Each structure stands twice: as structure tokens, then as C-alpha cells.
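Student: Could you walk me through how to read a model such as this one, feature by feature?

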Amino acid sequence: QANAMWGGRFADGPDAIMQAINASIGFDRRLYAQDIRGSRAHAAMLAATGILSNKDAEAIGEGLLTVLSEIETGGFPFRVELEDIHMNVEARLKEVIGEPAGRLHTARSRNDQVAVDFRLWVRDQCDAAAQGIEALMRAFLAQAEAGADWVMPGFTHLQTAQPVTWGHHMMAYVEMLARDRGRFLDARARMNECPLGAAALAGTSFPIDRHMTAEALGFDRPTANSLDSVSDRDFALEFLSAASICAMHLSRFAEELVIWSSAQFRFVRLSDKWTTGSSIMPQKKNPDAAELLRAKLGRILGATVALFTVMKGLALTYSKDMQEDKEQVFDAADNLMLGLAAMTGMVADMTANRAVLAEAAASGFSTATDLADWLVRELGLPFREAHHVTGTLVALAEGKGCDLPDLTLSDMQGVHAGIRADVFDVLGVENSVRSRRSYGGTAPDRVREQIARWKAALA
Ligand code: ARG
């Protein structure tokens, strides 16, 4: 039979397949708390403005709390024929309190209702993401603090470039994560306007007070254009974009962990808690959590592209296409939170192999730049010439199968007569990192300054 909520002009009910494609209750039930919160604020406002009697508003407010507890204790009868969470809640309210339930939808449409519910949900996720990111920042900070002066190779092109400190590398992720957190908080601030009261699209002839509902729901103000209010999903796109960038950062560190934990690198040991074994190869300890984190960006970015594609061709205002916004955001949010938690655990539990890092830092001619700088500073060579002399020395060492510090002084003087024995001081990696004291550089003192700054900022 025809739908109880909107079936007045219908003689027949929907086809079963229509119901299957049309219903969103299977996923938008996750909005129940926001839906009930929004409805309670709306009912209170209707009473305050005299649109609804206090008695009816009270019955509605109380009844909604009953419905809420039914949902939370698992006793709520979700019905697919009622399409979505909004109509499921309202229909149940009618069963609980009777006739006044039908007055709740005065001066409201599902279009502004879903817009406010979804904003409330995404707003919470911005807060949750910011918190999850802070926890991960703390884990990186702890690693940085433990190894502020441990030397390791810094890479470009995944080729040894210059020695850096472990602390410096960890703090690079703290910077990335801080920007990620900022993106979620910026998005939150921008989305914090209340669309409730836009009604279907044009506003309403009832004397509603949109400032009152906006305030009751923790928004800064009501949205200023009713058409925009019911058709805007940029708040969801901003969340997804911020999530994608954050997941990309997680994926980059995940990739480093996969490389670093290999038998060829042995830079870090991942704990048993974040690795798995092989059913055939007894020696294996696979970095599965890191690999999955690397893959998570795929689905989060996929969700972002999916929603952009849904939205890009929609004429104003609401179209049912927009119902497809929620599954994308839910999936992206779930996987981002899971990824942040997993990365936090993995970072907290990993052990850097200090000796291996130091050995790797000293190999691959990592202090060639220090040698070139010495030639400039001590012998007054133009940098280009110093670069050439150093390159010749690297080729010499490579030919002998040794590293730069293993060359003899006479080897070196054969390439440039002015080289003195004190050149060997700058060929050591400890001195190399200590010398890079420019602001933001890898010198342990500089790294410790950054650690202190971030610890204070997060306290
Ligand atoms: N379930 C719908 C959604 O998620 C609610 C809005 C329905 N509005 C409408 N005009 N059919 O988008």
C-alpha cells in the first residue's frame, strides 16, 4: 500500500526493487542520534515561537528520548518501507505518543533535516579526526625524543643523500600531521552553520527562529541562503579531502615502515602486535598493518572522488543523488579513524635499530656534501669546483670498494693537493648532523627545540 508519510497522491506502493534502490535506512541509521537531537531542537523552537503548543512539544521531546533509548538498546523496529532514518524515527514517535508526532514536521522538510543531521555527524568526525591525529603526533614525538641524536641516512630518490637524525625524521611527520589536524579544524569551523529551517528549499512561512535552533545545536549561526542550505555538500567534500591528505601521509610512513622493517634495511623492528606470520614460511614477520594503511588511502580517496562525481552535475537544489553522500563519508571516516589508531599503536611499539641506522648513515658516501663544504670553507674553492673534486674522490673510493673516511690522506691529496688531515673530522656522520644547525635543520639541538615546541603546543 501507499507510503504513510507521503502517499496521499499514490494509489499503489513501490516495487520491491524500487524500495531496495530508494531506501537508505540500511546505512543512514547511523544518523539516529543527530536526527533525534535535531528534531528535539526543532520542536523546542516551534513551542518557543508559538507554532506548537507546549504540551505537544513536550510530548514530542519526551517521545523522542524514548525512541532514542529504543534504538540504543536494540529494541527499535527499523522498517525498510519507511525509507530512511528520518521517517523511521517519526513513524515510531507516532506509535509512542500518537497524534502530536504529526506536528513535528511543521516548517521542516527532510531536505533540511538530512542536511543538519549529516553536518552534525561530520562535525563530530572532524573532532574525532583531530583527536586521533593528536594521539599519533604524541607517538611520533616520543620516538623523536628517544632518538633526537641518533643518526640515520636521509634519502632522496631512495638513494643515500646526507645523514640526518632519527628525531628529525620523526618530527617531519609531526609537521605533516599538524597540518592535517588544522585542515579538519578549518573544515569544522566553516561547516558550523545550521541549515535547519531552510525547509524544502525556499524557507518557510511559519515564524520560526533559526538562530534558536542553530544555537541549540552548537552551530555558530544559521546558514544564510535556503537554496544553498539544502544543496550544499561541500562540508562533506572538505572532510573527505582532509581525510585523503591525512591518509596519504599515513600511507607514506606505512611505506617507509615496509621498507625499514625488511631484512635488507633492518632500520626498525615492528612489534608482534602489528605484524603477522606466514602459514608456510616460519621465519616471516610481515608488516600487514603498514601495508593495509598504505592501501586505505585508496578507498578514502575513492570515496572523495565518488562524492565529487555525484555532486558535480546536480542543478540546485536537492536531488536524490545526494543520498549517496553518506556511505562514502561513513566508509572514509571509519577507515581513517581505524588507520590513525593502528598507526599510533605501530609507531608507539616500534623499535629503531640504532646501530644499523648509524652504520647505514655512514655508508653510501653520505658525507660527500660535508667534504665539498669543507673544501669551500677551508680552501676557498668555488662550490662547483669543490663538488667536482669531491665527485672524483667518491669515484676513487668506489673504485677501491671503500667509503670516503677510509681513503688515506695521500689518496685525497692526489686529487687536490691542499687537502689536510682535519678533513676527516667532517667525514664523520655525528659531526655532519651536528653541523646542520640552520633553523629547521637536522642538528640534534634544533630537533630538540622542535620537540619542546610541539610538546608545549600539545600539552
Ligand atoms: N534519505 C534522504 C537522503 O539521505 C533524505 C532526504 C530525502 N528528501 C527527499 N526530498 N526525498 O538524502
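Tutor: We will take the ligand site, then some backbone features, and then a few individual residues.

Student: What kind of model is this, and how are its residues numbered?

Tutor: This is a predicted model, in which local features need pLDDT of at least 70 and side-chain atom pairs count only at pLDDT 80 or more, while totals for chains, interfaces and linings use all residues. Residues are numbered from 1 along each chain as its sequence is written, and side-chain values use heavy atoms, with hydrogens and water left out.

Student: Which residues are around the ligand?

Tutor: A residue is near a molecule if one of its heavy atoms lies within 4 Å of it. Here the residues around the ligand are Ser24, Asp28, Asp84, His86, Arg110, Asn111, Val114, Tyr318, Lys320, Gln323 and Lys326. With Ala, Val, Leu, Ile, Met, Phe, Trp, Tyr, Cys and Pro counted as nonpolar, Asp, Glu, Lys and Arg as charged, and the others, Gly among them, as polar, this shell divides into two nonpolar, four polar and five charged residues. Helices (H or I, at least four residues) and strands (E, at least two) are DSSP runs numbered from the N terminus, and the largest share of the shell, three residues, comes from helix H6 (residues 110-146).

Student: How should I read the backbone angles?

Tutor: Most residues other than glycine have a negative phi, and most peptide bonds are trans. In this model the peptide bond from Leu316 to Thr317 is cis, with omega near 5°, and Thr317 lies in the loop between helix H11 (288-311) and helix H12 (325-349). Glu83, in the loop between H4 and helix H5 (85-97), has a positive phi near 65°, and Leu158, in the loop between strand E1 (151-156) and strand E2 (159-165), has a positive phi of about 55°.

Student: Is Leu158 buried or exposed?

Tutor: Buried means under 20% relative accessible area, exposed over 50%, and partly exposed in between (1.4 Å probe, protein chains only). Leu158 counts as exposed because its relative accessibility is 51%, whereas Glu83 is buried at 6%.

Student: What surrounds Glu70?

Tutor: Contact means heavy atoms within 4.5 Å. Glu70, in helix H4 (residues 54-72), is buried with a relative accessible area of 15%, and, leaving aside its neighbours within four places in sequence, Glu70 is in contact with Gly75, Phe76, Pro77, Arg92 and Val96.
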